[in-house]
Amino acid sequence: MRTAYSVEKVRAAERELMARLPEGALMQRAAAGLAAACADVLGRVYGSRVVLLVGSGDNGGDALYAGARLARRGAGVSAVLLSPERVHAGGLAALRRAGGRAVGTDGAEQLIERADLVVDGIVGIGGKGGLRPNAVPLAAAAERSRAVVVAVDLPSGVDADTGEVRGVALRADLTVTFGTHKPGLLIDPAREYAGLVRLVDIGLELAEEQTELEALQHADVARLLPVPRAESDKYRRGVVGIAAGSARYPGAAVLAVAGALRGGAGAVRYVGPAGSAVIARFPETLVSDRGPKHAGRVQAWVTGPGAGDDAATVGEVLAADVPVLIDADGLRLTDAAAVRARKAPTLMTPHAGEAAALLGVEREEVESGRLAAARELAERYGATVLLKGSTTLVAEPGGGPVRVNPTGTSWLATAGSGDVLSGLAGSLLAAGLSARDAGSVGAYMHGLAGRLAAGAETGPGGGAAPVGAHDVASAIPRAWRDVVREAGG
C-alpha cells in the first residue's frame, strides 16, 4: 500500500533521524537520490546543460548538492539563486568546487530555455500559496523550454498537505520525493503538477497509525476481492438490491445493474420502473415492481442513479437495516439527519458538483480542495464518502487515513460511468466488504476497467479511444483477472 504523511509528521521524523546522523548526512542522502534520478532522465550526463532553480530552504540545498554530483560527471550546471542572501552555503560551495556556477535571476530565462534539465528547488514542502513574483517568469520559461523539469520533493507552488494550488505553480515532468509520499503528490489539482513520482528512501521512520493518505495497490485489492468458496451459493455470496432508474432515465438502472453483476455478489435484485429494460439486457436479474420493502432479502442496497424525484423509494432504502450506497439523485433526495440516524453503514458517492450542493459551496471550491471536502462531507453525514473525480477519495467520519484511488483515467468522464461504479461498489458491500473497502476497491476496479476499455493501459494517449459506460462495465472481469494474476493469486 502506498502511504502519504503530513508535513508535520515528516518534519518530526526528519528531526529524529538527523539527531542520530552526522551533520548534513540526511541532505546528502536526498541529494544522492535526486542526482541519480536526474542522471536517469538525462541518459547522457556528460555535456548536458542543467539549470538549478534554487530557493532559500533545504530543497535548494538538495538541488545544489545534486547539481555538484552532476557537475562532477561532466554536466554544465548553472544555479539560479532566487534568494542569494539565504542560499544554502554548504551546497553552493560544493557546486562551485565541482565546476558549477551561480547566477542571479537576470538573464536566467534564456539559460532555462536552452537547458536539457531544469531542477525545481525553489520551495520545500512547507511552502504555502503559489510562487512568489520573482519565480513566476522562471516557471514560465521552464514550461516554454524543451527541458525535462524535475521537482525536488514537491513541485513549487503546490500545498503538500492538501493538494491545493493557490496561485502559479511549477509543472514538473518528474518529482523526486524523499522518505514518503506527501498528500499533495496523490491528490489533484497538485497531482497534475507532479508528473511521474519517484520515491527515495532516506531512512525516515513513520508510524503506520499516523498515515494521512493511503493508495491501494494490486496486492491490497486482491486480498479484499470476494472469492466464492466450495459451499457458497448465490445467497451466501450476497444479494445486492438496485433501486434505481425511472421512466425518464431507464439507462441508469441498466448500467447500475451491469456494474453490480460484475462486483462479486451472488445475485442482483432490481426494483423500479425500468424492469423491462433491465431484464431485456440482463435476464439473470431478479426483477420486482413491489418496492424495496417487498423485494426480498438483500445484503446491501444501491439507490439514486436515475431516480429523478422518487423520494419515497430512496426513503424506503434508507430505512433498511443493511448497508446502503447513495448516489446521484438519491443524494439530493435525502438529508444529513436521515443518513446520520442509520445504524447500518452508508456509502455516499457524489461527484464534485453534487458534493458542492450538499456542502452549500461552489463546485470550484470542492475541486480545488478535494481532501477537505471529502472529510467535511463524511463528518456532516456520519457516512463513508467516495468523492468521485480526477482523483477519487474515500473518507470516513471520525478521521483516519483517507484513501485515494490511483487507477482513475479521464476516459471515465462519460455519461453513466458513475452508475456502473455504484452497482459495482454496492455489490462489494453485499459481498461483505466494509463501506470503506467497498468504495476503495470499487473505485480501483472501475478505474482499471476504464483504462482497459479505452486501451489506455500505457498512460494518457497510449493508443486510447473513447468508450461508453457499458464498455467500462464489460471490462470489469478482465480488470479483476489482471489484479488477481499480478498479485500472484
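Reply: In the predicted model, Leu-174, Val-176 and Phe-178 point one way from β7, while Thr-175 and Thr-177 point the other way. In a regular strand the side chains alternate between the two faces of the sheet. Both sets in β7 are buried. The strand covers residues 174–178, and five of its five residues are buried, so β7 is described as mostly covered.

β7 has a pairing with β6 and another with β8. Strand β6, residues 148–152, pairs with β7 in the parallel sense over three bridges. Within that pairing, Thr-175 of β7 has Ala-151 opposite. Strand β8, residues 196–200, is also parallel to β7, and here the pairing runs over five bridges. Val-176 has Arg-198 as its bridge partner in β8.

An unreviewed UniProt entry places the feature "binding site" at Asn-59, Asp-120 and Ser-156. These residues are spread over 98 residues of sequence, yet they cluster in space, with a largest C-alpha distance of 9.9 Å. Of the three, Asn-59 is included in the lining of the second largest pocket.

Asp-120 belongs to strand β5, residues 117–121. Its relative accessible area is 0%, which is under 20%, and Asp-120 therefore counts as buried.

Asn-59 lies in helix α3, residues 58–72. Asn-59 is buried because its relative accessibility is 7%, and the cut-off is under 20%. With residues up to four places away in sequence again not counted, Asn-59 touches Gly-121, Val-123, Gly-124, Val-152 and Asp-153.

In soluble globular proteins, nonpolar side chains tend to be buried together. The largest nonpolar core has 56 residues, of which Leu-34, Val-50, Leu-52, Leu-70 and Val-119 touch the most other members. Helix α2, residues 25–42, gives the largest share of this core, eleven residues. The contacts of Val-50 beyond four places in sequence include Leu-42, Leu-70, Leu-117 and Val-119. A second, separate core has 54 residues, among them Val-240, Phe-282, Leu-429 and Ala-456.

Conventions:
Residues numbered from 1 in each chain as written. Predicted model: local features only at pLDDT ≥ 70, side-chain atom pairs only at ≥ 80, totals over all residues. Heavy atoms only, no water. Buried < 20%, exposed > 50% of the residue type's maximum accessible area, 1.4 Å probe, protein only. Helix = DSSP H or I, 4+ residues; strand = E, 2+ residues; numbered from the N terminus. Pairing = 2+ DSSP bridges. UniProt positions renumbered as here; feature names shortened; annotations may be inferred. 1 Å grid on protein atoms, 1.4 Å probe; cavity = no way out; pocket = protein on both sides within 12 Å on 5 of 7 lines; lining within 4 Å. Contact = heavy atoms within 4.5 Å. Core = buried A, V, L, I, M, F, W, Y, C linked by side-chain atoms within 4.5 Å.
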